[in-house]
Amino acid sequence: MHMRLRLLALSFILLVLSSSDPLLAKTYRNKPVDSKATRETEALYHNLHKLAKKHILFGHQHATEYGHGWAGDANRSDVKSVSGSHPAVIGVDFSGLSGRPPEAIEKAKESLRKQITETYDRDGVTTVAWHFPNPVSSNGFNWVDSVSAPAVSYLIPGGSYNGRYKEILHTIADVAHSAKGKDGTLAPMIFRPYHEFDGGWFWWGKPHCKQEEFVSLWRFTVSYLRDSLQVHNFIYAFSPDCLFKTEASYLERYPGDEWVDMLGVDNYADFGRNGRYNVPAGIKKLKIVSDYAQKAGKLAAFTETGLESIPDTTWWTNTLLKSLKAEKVRLSYVLVWRNDRQSPTHFYAPYPGQASVPDFLRFYQDPYTWFETDLPSLYRRRWFF
């Protein structure tokens with residue numbers, strides 16, 4: 001009887017502690033919004049939280065698909081050619097999964113599966129952008145005046161294209177369900193739909209839909225993939241562009257903590273685009289993202305940045321690394337944009353012989369930055385940092 005009373009008292013004390021200690025309460029919130037997330041996805045989510053306390057993963061968009069002057073080579077990336085390691089985070093895109101002939105879509109699925117599973121088998125991390133071709137006006141993802149349809153209102157429940165949108169989400173689910181590593185398990189992905197929505201350059205941008213329509217589209221997308229199509233290997237990332245200055249403006253179109261796993265920001269403008277720098281403003285925005293993520297028990301990331309052509313040969317350490325360390329923000333990864341295979345000037349990571357290579361190697365060697373060869377498996381919960 002006395003033992004039972006002691007156990008009841010202990011339970012009560014733990015309950016009080018968990019509700020009064022914000023740090024302990026936060027650990028209970030640090031879970032994916034998908035309660036049925038695969039074991040590997042949940043482990044990735046857990047480990048990304050832990051590593052952000054001391055490290056940041058480096059990422060590069062389309063790193064292993066193509067690079068400066070090449071495409072399709074096995075186990076190659078410009079970053080690996082320079083440093084000896086692939087990026088820790090590899091960016092891919094679901095852009096080819098709609099608005100094309102069926103055979104082209106199947107080819108895109110095959111390519112995506114290859115990139116995603118090879119990254120997973122190397123213990124790297126995949127993040128997925130979605131430059132979604134406008135499904136209503138049948139043009140590209142960019143907004144074109146007098147051509148593009150304001151498609152968001154058509155896609156949400158009750159909209160005339162909601163059925164078509166479900167078909168497109170089925171195609172995404174096909175990739176999610178079939179991207180399996182050599183061990184037979186599904187590869188987790190950080191899915192980042194409708195990025196840079198605060199600008200007007202995409203058809204889902206702020207000028208082209210109401211706040212409540214955007215929120216409805218986000219929530220429907222997550223719920224349909226997760227609950228109807230049983231996709232349980234996605235971590236959902238929310239990433240506006242850098243047009244905000246306060247937490248309130250950052251959260252203006254936020255769909256709610258129960259619908260988002262990761263908070264991000266895309267910011268080229270403050271970090272040297274067109275020769276203009278406003279690094280203090282960029283740092284402030286990273287802090288807004290990181291602070292809210294910690295408050296809400298979410299992941300945070302610098303989801304896109306970079307300096308096209310990298311004319312500033314010390315940009316990696318003097319601009320990017322200093323900014324990442326300035327306010328002790330907790331960010332899981334930073335990703336720079338792609339290296340085009342044909343354009344001599346459209347690249348965001350160095351390649352052999354490029355002028356910023358020496359500084360990039362200093363960035364690579366800094367203990368704070370982690371590349372793929374630095375990683376033990378992020379897909380096992382028993383690993384501790």
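Which residue just after α11 takes a positive phi? The structure examined here is a predicted model, in which local features need pLDDT of at least 70 and side-chain atom pairs count only at pLDDT 80 or more, while totals for chains, interfaces and linings use all residues. Residues are numbered from 1 along each chain as its sequence is written, and side-chain values use heavy atoms, with hydrogens and water left out.

The residue in question is K328, which follows α11 and has a phi of about 55°. K328 lies in the loop between α11 and β10, where helices (H or I, at least four residues) and strands (E, at least two) are DSSP runs numbered from the N terminus. With a relative accessibility of 76%, K328 counts as exposed, given that buried means under 20% relative accessible area, exposed over 50%, and partly exposed in between (1.4 Å probe, protein chains only). N274 is exposed, its relative accessible area being 63%.

Strand β4, made up of residues 89–93, is mostly covered, since five of its five residues are buried. Both faces of β4 take part in this, with V89, G91 and D93 buried on one side and I90 and V92 buried on the other. β4 pairs with β1 in the parallel sense over three bridges, where two strands are said to pair if DSSP finds at least two bridges between them. Within this pairing, Q61 has G91 of β4 as its bridge partner. β4 also pairs in the parallel sense with strand β5 (residues 125–129), here over five bridges, and V92 stands opposite V128 in β5. Together with helix α5 (residues 102–121), the strands β4 and β5 make a right-handed β-α-β unit; a crossover is right-handed if, with the strands pointing away from the viewer, the path from the first strand over the helix to the second runs clockwise.

Two residues of the loop between β10 and α12 were examined, namely N339 and A355. N339 counts as buried, with a relative accessibility of 1%, whereas A355 counts as partly exposed at 49%. The side chain of N339 makes a polar contact with the side chain of D78 at 2.9 Å, and the side chain of N339 also reaches the backbone oxygen of A349 at 2.9 Å. A polar contact is a pair of N or O atoms within 3.5 Å; within protein, one must be able to donate a hydrogen and the other to accept it, and residues adjacent in sequence count only if both atoms are side-chain atoms. When neighbours within four places in sequence are left aside, the residues in contact with N339 (heavy atoms within 4.5 Å) include H60, Y66, G67, H68, D78 and H346. A355, for its part, is 44 residues from P311 in sequence, and the C-alpha atoms of the two are 7.8 Å apart in space.

D34 is located in the loop between α2 (22–29) and α3 (39–51). D34 is buried yet has no salt bridge, and R226, the nearest side chain of opposite charge, is 5.0 Å away. A salt bridge is a side-chain nitrogen of Lys or Arg within 4 Å of a carboxyl oxygen of Asp or Glu, and for charge Lys and Arg count as positive and Asp and Glu as negative, while His and the chain ends are not counted. The side chain of D34 does reach the backbone nitrogen of K36, at 2.9 Å. Apart from residues up to four places away in sequence, D34 touches R226, V231 and H232.

In helix α3 lies E40, which is buried with a relative accessible area of 12%. Leaving aside neighbours within four places in sequence, E40 is in contact with Y120, T185, P188 and Y379.
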